[in-house]
Amino acid sequence: MNPVVRERLFGVHSAFDHPVVLGVVVAAAAALLIAPLAVWLLARAGRLAPETRRELYLRIFTWALLMPLLLGPILLGAAWVILGVLALSLLCYREYARLTGLFREKMMSLVVVVGIVLVSFAIFDHWYGFFAALAPLGVATIAAVGLLGDRPQGYIQRLALAVLAFALFGIGLGHLAYFANDTNYRAILVLLLVAVALNDVFAYLSGKTIGGPRLCPHTSPNKTIGGAVGALVLTTALVCLLGRLVFADQPMGQWHHLLALGLLISVAGQFGDLMLSAVKRDIGVKDIGHTLPGHGGLLDRFDSLLLVAPTVYHYVGYIQGVGLDQPTNLFTEAAAWATSLISP
Amino acid sequence: MVDFRLEPAKDLGLTHRQRTLSLNREAGLIETGLHMGWWGFMRTYLRLYHRMRVEGRSHLPAKPPFVLIANHASHLDALAMAAPLPWRHRDCIFPLAAGDVFFETPVLATFAMACINALPVWRNNCGRHALGELRKRLVEQPCIYILFPEGRRSEDGSLLEFKAGLGMMVAETGVPVVPCWLGGAHEAWARDAIVPRPRKIVMRIGEPLDFAGIRNRREGWSKIADRARAAVVALAGDQSEGASRITGR
């Protein structure tokens with residue numbers, strides 16, 4: 001294997017080469033240590049109700065589990081990022097299918113799962129042509145397989161649910177994994193994860209402090225315009241500051257591009273959040289599950305990322321490209337070479 | 001066939017343990033694959049090792065829901081009854097299994113859920129509620145229940161009295177009840193044997209019984225139990241080994 005590729009896929013020793021990666025990992029570890037201490041001190045001072053305290057401990061505990069699972073693959077290498085996102089996509093799809101009833105359509109479910117796996121393969125291979133082709137081909141396959149049962153009743157619903165699932169968990173999250181083909185993938189992914197996670201926190205905090213009229217009371221009654229604007233400002237500021245370091249000496253590192261990137265992350269993240277609220281409300285379910293104690297299901301945690309990943313990918317891709325200096329077609333090249341041996 | 005229902009899984013949000021015990025459990029993609037594989041494997045095993053023969057396959061209803069009942073004298077019984085069903089029905093086969101045997105330990109319960117797709121029935125306190133849930137599921141969803149109205153495995157292979165549970169599930173519903181007779185399963189794997197012996201198994205499938213016209217109350221249940229038992233006895237025939245024991249009831 002090409003040493004450049006091996007270094008990107010499995011090069012653990014370079015994990016902390018980028019200052020942003022090191023800084024964020026240290027900050028995250030520190031937060032995980034300080035947070036329970038702060039809760040304990042507040043509780044001792046009698047400022048927390050026992051119920052709130054338990055809820056906070058639960059949330060911290062879940063973050064303590066989640067953080068290594070999110071940051072671990074990024075530190076270990078690009079191969080683990082791609083596998084990790086594949087696992088995340090499949091688990092999210094599982095939750096979505098059980099939520100919407102799509103899981104009862106076994107053949108369509110199978111097509112979506114195979115599609116998600118193929119997306120991962122295209123990413124691993126660094127074969128953008130196939131990755132791009134999978135979106136229309138996936139839709140075509142889902143539409144065709146949906147016809148097999150000869151049941152036109154409910155066809156549009158089944159088709160729409162499966163296509164949406166593939167678009168969100170296959171293609172959408174696939175764009176997150178595709179960043180792993182960039183030489184600078186660690187810093188970019190860390191920036192994305194931090195920005196998306198803090199976007200939620202900023203929205204919650206500024207919603208509590210500023211408040212104001214409700215954003216869309218029928219979809220999600222707790223969100224306020226103050227929260228949305230606060231998140232927009234704070235996340236954009238954060239992305240500008242971190243982005244300067246992440247994209248140092250690159251086209252994306254210019255202030256106006258970072259400003260646009262921050263706005264895109266915040267807006268797409270908030271829309272992703274609202275999208276899941278709307279889906280849950282439409283179906284009439286309050287909780288997706290308790291995969292993550294204190295957070296609900298996986299989807300509750302990763303809803304923002306679904307829309308952020310493709311948005312950011314294509315902005316960065318348009319301005320400076322993703323993974324352009326990395327070798328492409330890792331496996332398919334070898335396959336093409338093998339076939340060229342057989343045929344004259 | 002039913003239209004698409006925009007409706008979450010009935011077991012949404014349950015923990016793994018709760019899910020294994022739930023009567024409303026719905027299989028996901030992995031479990032469906034396991035069910036398909038398991039019943040395919042059982043079919044091959046029964047054919048090769050027990051040289052299993054099935055008579056009266058044409059009596060099987062074309063579509064679920066329906067209930068398969070038979071005499072019960074061996075752990076092989078439920079496996080033998082499910083194996084000849086067509087593969088497109090394999091994912092909706094639900095053997096009703098004794099909770100105290102199959103669902104006490106988490107490992108066995110997980111196996112019973114993932115491979116056999118068994119639903120637990122608690123014999124000591126199988127309340128009206130649990131039977132009501134099973135009845136509701138049978139009416140609303142395409143299910144195939146495999147159950148043994150005797151309520152336990154017979155020790156010597158003779159046919160015991162049928163219990164009222166079957167009637168409580170199907171009275172007034174019009175869900176067909178298919179009586180079956182299993183010959184040789186007791187000899188192949190008796191209650192005290194550790195491993196199955198390569199004895200021949202014969203399964204006879206009878207004509208479906210319809211209990212739509214029978215009232216869902218105590219008299220109706222015993223009437224259903226009697227009719228179902230008579231149908232199973234009739235299938236046993238004269239040549240059967242157990243026949244003398246049955247007719248001498």
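At what angle do the axes of H5(A) and helix H6 (residues 128-145) of chain A cross?

Modeller: This is a predicted model, where local features need pLDDT of at least 70, side-chain atom pairs count only at pLDDT 80 or more, and totals for chains, interfaces and linings use all residues. Residues are numbered from 1 along each chain as its sequence is written, while chains are lettered from A and ligands numbered from 1 in the order in which they are written.

The axes of H5(A) and H6(A) cross at roughly 170 degrees and come within 10 Å. Axes are lines fitted to C-alpha atoms, for helices over the stretch in contact, and angles run from 0 to 180 degrees between N-to-C directions. H5(A) and H6(A) are therefore roughly antiparallel, the term for angles over 145 degrees. Helices are DSSP runs (H or I, at least four residues), numbered from the N terminus.

Residues are in contact if their C-beta atoms, placed from the backbone, lie within 7 Å. H5(A) contributes A:Met107, A:Val111 and A:Gly115, among others. From H6(A) come residues including A:Phe130, A:Leu134 and A:Gly138. By class, this contact has twelve nonpolar, three polar and no charged residues. Ala, Val, Leu, Ile, Met, Phe, Trp, Tyr, Cys and Pro count as nonpolar; Asp, Glu, Lys and Arg as charged; the others, Gly among them, as polar.

Now the partner chain. The contact takes 21 residues from chain A and 13 residues from chain B. Helix H5 (106-125) is one of the elements giving two or more residues to chain A's side. That side divides into six nonpolar, nine polar and six charged residues.

Chain A as a whole has twelve helices and zero strands. Its C-alpha atoms fill a box of roughly 80 × 55 × 35 Å, taken along the principal axes.

Definitions and conventions:
Contact = placed C-beta atoms within 7 Å. Parallel < 35°, antiparallel > 145°, perpendicular 65-115°, else oblique.
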